[in-house]
Structure formats: C-alpha cells, structure tokens
Amino acid sequence: MSEIIVVQVVLDKPLSQSFDYIWSTEELGQSPKVGHIVEVPFGRAIDVGIVIGVSNHSQYSIDKLKNVKGVAPLPPFDSSLLRLMNFASQYYIHALGETIVPTIPQMWRKSADWEKIPKKLQAAANKKAKEINVEAIEGYISVEQLNAEQAAGLKALVDLSSDRNFSAILLQGQTGSGKTAVFLNWLATVLKEEAAQVLLLVPEINLTPQLERRVRAYFPDKTLAVLHSGVSEKQRGVAWYEAMTGKAQIILGTRLAALTPIPNLRAIVVDEENDPSYKQQEGTRYSARDLAVWRAHDQKIPVVLSSATPSLETWLAAKTARYEYIRLDQRAQGAQLPKVHLINTRDPQNQFSPGDKNSPQKKSLISKTLANAITQNLQERKQTLILINRRGYSPVLSCGACTWLSACTQCSSHTVMHKAGALGKKAVLSCHHCGLVNPIPSFCPECGNADLKMLGQGTQKLEDVIEEMWPDANVLRVDTDSSRKSKGAEVLFREIHDGNVDIVVGTQMIAKGHDYQNIGLVAVLDADSRLYSPDFRAAERLFAQLVQVAGRAGRAGGAGDSGGNIYIETQYPEAAVYQYLLRHDIDGFLAHTAREREEALLPPYSYQSLIHAEGKTLDKALQFLGGLKGRLKNQGLLSKALRVYDPVPKAVMRVAGSERAQLVIESESRKLLQEVLEIIDRDLRGDSQGRISKTSRIRWLIERDPIAI
Ligand code: ADP
Ligand code: ZN
Ligand code: ZN
C-alpha cells in the first residue's frame, strides 16, 4: 500500500488553524507542494485554499479526513510570497487563509473555471496583441534628456541597486520635478536582466492609464501586467497569472498588487508613497507601502518611495539615514512653482462675487478675488481647476420652518442632494456612507412645511454657479458620479488634456498626479473643512493634497513661465498648513509636524492600533470594549509603556444600521504592542464565532497602524 499523504490547508475563514486533507497523487496527477492552490470540501461547501504543509500523519483519524478535490493549473506560490503572507497575517492579526485567499483573483478561485482557463489566456493574448496602440504611448524621457539633477538621482539609484541588497530610498521631489522619468529610467536598468520583474505601485486606479502609457513608452518589448480593482475580473486573472509565472516583467497596480506573487522580483517603486489609498480599509487592513518595504527587505532588493510630500514616517526615516535620500528640487520643464494666494474669507471684501452685486450679504463660494482671477485666467486662454471636496448638489436639505435636516435612516450622517440627471432621472437624496437613495420630499416630513432649502454646495451646484458666471466657458465636472456616467474617469481626463475644457470643477480626484500641461489657475474652496478634524493626521493630509493640486498648475512652463497660481479660500490663513504652503516649504512643514507629534507621543513616535466594535446599539459596543479594557487591566497589561484609552463612539457612529465604537491602544514599542494584540485576539476569540462575540453579538476587528482615528 502506498503511503498516506496528508496536507494542511488554510481557507478564507477567520480561524487561525489549518485543516487536514488526504492527497491522492494518483487522482490529482502530481505530488503536493507547499503553496499549491487546491479545492477542498468544507462542511457542505467546496472551498479554495492553500497548502501550507505536507506530512504523513494527522492528529485526526485518517479515515475521517476528506480528499483534496483538485489542484489549480498554476505553479505553487513560492516561498517568498508565503513569507510575505505569513508576515502580513501575523502583523495585521488576521488568519493566514483569510489573508491569502482574497488576494487570488476570482478566476483562480473557482475550480469550475480552471478547465476553461487555457482558452481564456489565449483569447487575452490575442486581444492584447491588437490593443497596443502606438499613438497612446507618451511621455518618454530618455537618459540623455534627463537634467543634471535627474541624472544624479538616477546614478544614485543605479549605484544603490547594483549589489543585490536591500535598500529603501526616498525619492523626494517637487511636483513636476521629473521623479517618474527618473524611476522609469532606473527600472529600465533593472529590467536589462532578461527574467527580472519589477513592481510599480500607484495609489489610484485613475492614475494607472496615464502611467501605463508612459511605462509602455519605456518598455515596448516587455509584458505589462496591470492589476487594480478597475480591470475586469478576467483581465485581472490573466495579469496575475502572467505575474506569477514570470511572463510579465512589469507589474503595475494599486495596493492590491503589493501582494501579487512575483517570482523574479528585483525592484519595487511606490509612487506617491504618502497616499492614504495604500491602506486597505477592510479585511486584512494592510498598508501596501509598508508591505512593499518589508518585501524588499525580505528579498534583498531596492524599494523606491517617491513623493512630493513624503509621509512623516518615510521622511523621518530618510532624515535619520535609515532610508537613502534622493532629492529633486527643480521642476523638470523649467517652470517655477505656482504662486500661492490665500483668500481670507472673513474679510467682507471677499465674501461676495461680482455676480452677487445686488445682494452682497449672500455669501458665495466664489469670492470676488477669485472670480477676478478666473476671468483673467480665461482671457489668457489657460485652464482653471476648481476643487471642492464634496460631490452632489448640496450636502443637506433643511426645513425653513423647523429644525429638520435630511438624514439617512441607516447612518448618523446627512443625505446629500443630487440634482436631476446626476444619479437618476429625478433629483434624489443620497447617503454617501451607505449608498441609500431616496426621492426628495415635497414637504418637510416633520412639520409639513413646503419651503425646503438646500444648505451648502457640492460639485453639482458649483458647476451650475460657474456656468452662470462664465456662460461662454466650457465647464466640465469630474467626480465619481460623472466618471461613472462617462464610463471611466479617463474619458474626462482626456477632455482636459486635449484642451476641450476651460474650467474643471471636481473633487480631489482631479488633483492627483495628472500631468496636465495648460492649467494656469487652481482654486480650492473648502480646504478648512479638512483642517479641523479630530484626526491628528488631518493637517498632514491636507498639506499633501494642497501641494498635489497646486502641482497641477503651470507645469509645462518653459523657463520664465510664471508657474501658475493657486488660490485657497480660508478663514484661517494663519494656520501652519497654509503658511508653509505659501513658501512651498515642505520640509519645514514636516519638521513642524514632527515636533508636534513628538511632543504628543503620536505616530511615528509611537505605534497605534484600533479595536473596532460594531453592533445593534452603541451602548453594547462600548460595553464590549470596556469589558476588554477591564480584562487587560486585571492582567496588569496597562502601563505607561502601553496606553489603552477609553472606548469612544466613532466619528460617524451609525452606518447602515450598525452602531460603531473603537478603542485606541498605543505604545512606543512595536514588540510590546504586537504581544498585547495577540493576547487581545486570543481573548476575544475565546467568546466568538469568527469575529462575532457569542454573548453580545458584537462584531470586532483589530487594526494595526490605523490611518484614521
Ligand atoms: P513628477 O513625477 O515629479 O511629477 P514627471 O516625471 O511626471 O514628474 O515629469 C513632469 C513633466 O516633465 C512631464 O511632462 C515630463 O514628461 C516632463 N519631464 C520630465 N523630465 C524632463 C526632462 N528632463 N526634460 C523635459 N521634460 C521633462
Ligand atoms: Zn419642518
Ligand atoms: Zn446611510
């Protein structure tokens, strides 16, 4: 009789253990390897899991074990990927199976599809051959074209990566300083090795088409795998396959791409490394940037973190020489940096626009100063970008007679009015937290009054106002609603690039990374709303966003170009964020923020973790967390070195019918924090099914390094 083979398999379940199955080499046609993706029966269902161990025995009786049903037609995950997954699972306190399985594209998670896959791959290859459009290739800057600063940066990168060792490198440069040109030329040197693969991470789906064109221009002969949530499941399945089998040399994608199996990985670039989108906000709440650095360290390869406004964490690491530091301080095309104008909206002079001459008390979003500047910019035939970080028409509907405000029945948030044609044929009220959409009432639901007023402005209203003020201008609105309608933001960005638009009204979405060439003026209307927030990172984030949007102005320039203008309407022009921006003093702002954090012992001077709790009532959620804190105290775990705060309701307390609370845990020691989180995980699991408490029905989750408190 042949020997019994037992494999240990992890599944996408919030359970820390693996499950034993029998492996029949005869039936499966191959011997088992750690890293194989397999199909197994679990309960009454069939599930996909990963083999993490192979042995000849089980602690269970062999005849009770079920058989592995099938093996995916893929090479097994290599040991480096499994190390990465193990690390992510431990560090983010998430079971191994539920960390790995969700990173596998759907195509490879359904065994029913496995047979059809060869055909799909062939179809994709044929289509790809057709798709590469030479005209769409743009933005190639050769090594010879690099300016002196860029050339020095490139040389430093090449030197650092010559000896197959880990190095983390901060590439810090003003917007438009040519960082992309530097790291793409560097990747070209890495890719001279035939089999080498590189990983290029970008924060936003919306930025990938533009970068994709540039990457294609640099590497016409290499295969590019594009991975983000915007590509179809099928395309993603193919791209992932090409990455894991070494067929694709360049893996370009958003945070989810950080966990792609890449057997010959030689270099990683994280573009706009400070961007909050790198943090996954559900499931395993990883930071793709941090995992990229870990992966580079583990694989002894270089990782470049590129940004105009580095995160405080990365900047301090570079300052203290833990990371290498390369800087580009000039704008590549010779333009100057945009001039920053702060418009004090407390000043009565600024509170009405020329359009409101008859009712100067009526506050308008467009101040007189700004309106004049826009008119002049239009006359100079330059484009204008106006930002307001709120989509919809009006953030809330109110009753003129009583205190009623339109609110979501499911969430503790107001519902936003969207004008007719925006979300449906008719105007609607929509909740931006849970997505609930309701018709607009004709009367106040509380008192019956018919005089309902719209308070505040969103992109749609601003679009109307702008069209009224500049009737001859072509106005384009760019937000998630309009991009859904146009079947993708790329269409809208093209309009801007092609110069068919005079004024763009949009959310933060238009601000990032785009290399527009003819923007003369950028205006930010509601910056203050993001300045004062209970989150200690609010100012850092706002500063980065403002530098980014300012960077969209006056890029093409040419020596002597004014570099464009940015106007910021604010009631607090004296705030540090604005003052440092006025001087383009990024390092000054970061140093200032570092001092504040150090005094308050906040990250990066300490490490944080959140325990989330969600249930039917806030009281229950708070009690649940209070109980946990009490147990930690009884075990003598609370100390100066490990601070456990009191449970509090979340900023948006009610979402989709659940009430939410959180507990902050903080320590200067990563190790101590890790130990305590593991204790907490065991403690909570003691009374839970998955992550739902059996006694209180509270759903809980542990999060490492939260970026929003
Ligand atoms: P960043 O990544 O720092 O924002 P990019 O690499 O996108 O900068 O460069 C900004 C713009 O300058 C792009 O249009 C790019 O094509 C151009 N550019 C970059 N380097 C040079 C150079 N050496 N000479 C001329 N133009 C350049
Ligand atoms: Zn009323
Ligand atoms: Zn809601």
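Begin by selecting Glu-272, which sits in the loop between strand S10 (265-271) and helix H10 (288-299). Its phi is positive, about 50 degrees, although Glu-272 is not a glycine. Glu-272 has a relative accessible area of 13% and is buried; here buried means under 20% relative accessible area, exposed over 50%, and partly exposed in between (1.4 Å probe, protein chains only). Helices (H or I, at least four residues) and strands (E, at least two) are DSSP runs, numbered from the N terminus.

Before moving on, a word on the model. It is predicted, so local features need pLDDT of at least 70 and side-chain atom pairs count only at pLDDT 80 or more, while totals for chains, interfaces and linings use all residues. Residues are numbered from 1 along each chain as its sequence is written, chains are lettered from A and ligands numbered from 1 in the order in which they are written, and side-chain values use heavy atoms, with hydrogens and water left out.

Now select Ala-656, in the loop between strand S26 (648-655) and strand S27 (658-667). Ala-656 is not a glycine either, yet its phi is positive at about 45 degrees. With a relative accessible area of 44%, Ala-656 is partly exposed.

**Helix H6**

Next, select residues 148-160, which form helix H6. H6 has 13 residues and reaches 18 Å from its first C-alpha to its last, close to the 18 Å expected at 1.5 Å a residue; the expected span is 1.5 Å times one less than the number of residues. Which residues of H6 are buried? Color Gln-150, Gly-153, Leu-154 and Leu-157 to see them. Looking down the axis of H6, these buried residues fall within an arc of 100 degrees, so they line one face of the helix; the arc is that of the directions from the helix axis to the C-beta atoms. An α-helix has 3.6 residues a turn, so residues three or four places apart point the same way. On the other side of H6 you will find Ala-148 and Lys-155 exposed.

To see what covers the buried residues of H6, show strand S6 (167-173), helix H7 (179-190), strand S11 (302-307) and strand S12 (324-328), which are among the covering elements. Covering is judged by contact, meaning heavy atoms within 4.5 Å.

**Helix H18 and its neighbors**

Move to helix H18 (residues 586-600). H18 has 15 residues and spans 21 Å from its first C-alpha to its last, close to the 21 Å expected at 1.5 Å a residue. Its buried residues are Ile-586, Asp-587, Gly-588, Phe-589, Leu-590, His-592, Thr-593, Ala-594 and Arg-597. The cover over them includes S6, H11, S12, helix H16 (538-550) and helix H17 (576-582).

Axes are lines fitted to C-alpha atoms, for helices over the stretch in contact, and angles run from 0 to 180 degrees between N-to-C directions. H11 and H18 are therefore roughly perpendicular to each other; angles under 35 degrees count as roughly parallel, over 145 as roughly antiparallel, 65 to 115 as roughly perpendicular and the rest as oblique. Show side chains for Leu-312, Trp-315, Leu-316 and Lys-319 of H11, and for Asp-587, Leu-590, Ala-591, Thr-593, Ala-594 and Arg-597 of H18, which make the contact.

How are the axes of H16 and H18 placed? They pack at an angle of about 170 degrees, with the axes 11 Å apart, and H16 and H18 are therefore roughly antiparallel to each other. Here Ala-539, Glu-540, Phe-543 and Val-547 in H16 meet Ile-586, Phe-589 and Arg-597 in H18.

**Last stops**

Select Pro-604, in the loop between H18 and strand S24 (607-615). The peptide bond from Pro-603 to Pro-604 is cis, with omega near 5 degrees.

Finish at Leu-256, in the loop between strand S9 (250-253) and S10. Leu-256 is partly exposed, with a relative accessible area of 25%. Leaving out residues up to four places away in sequence, Leu-256 touches Leu-227, His-228, Ser-229, Arg-236 and Tyr-286.
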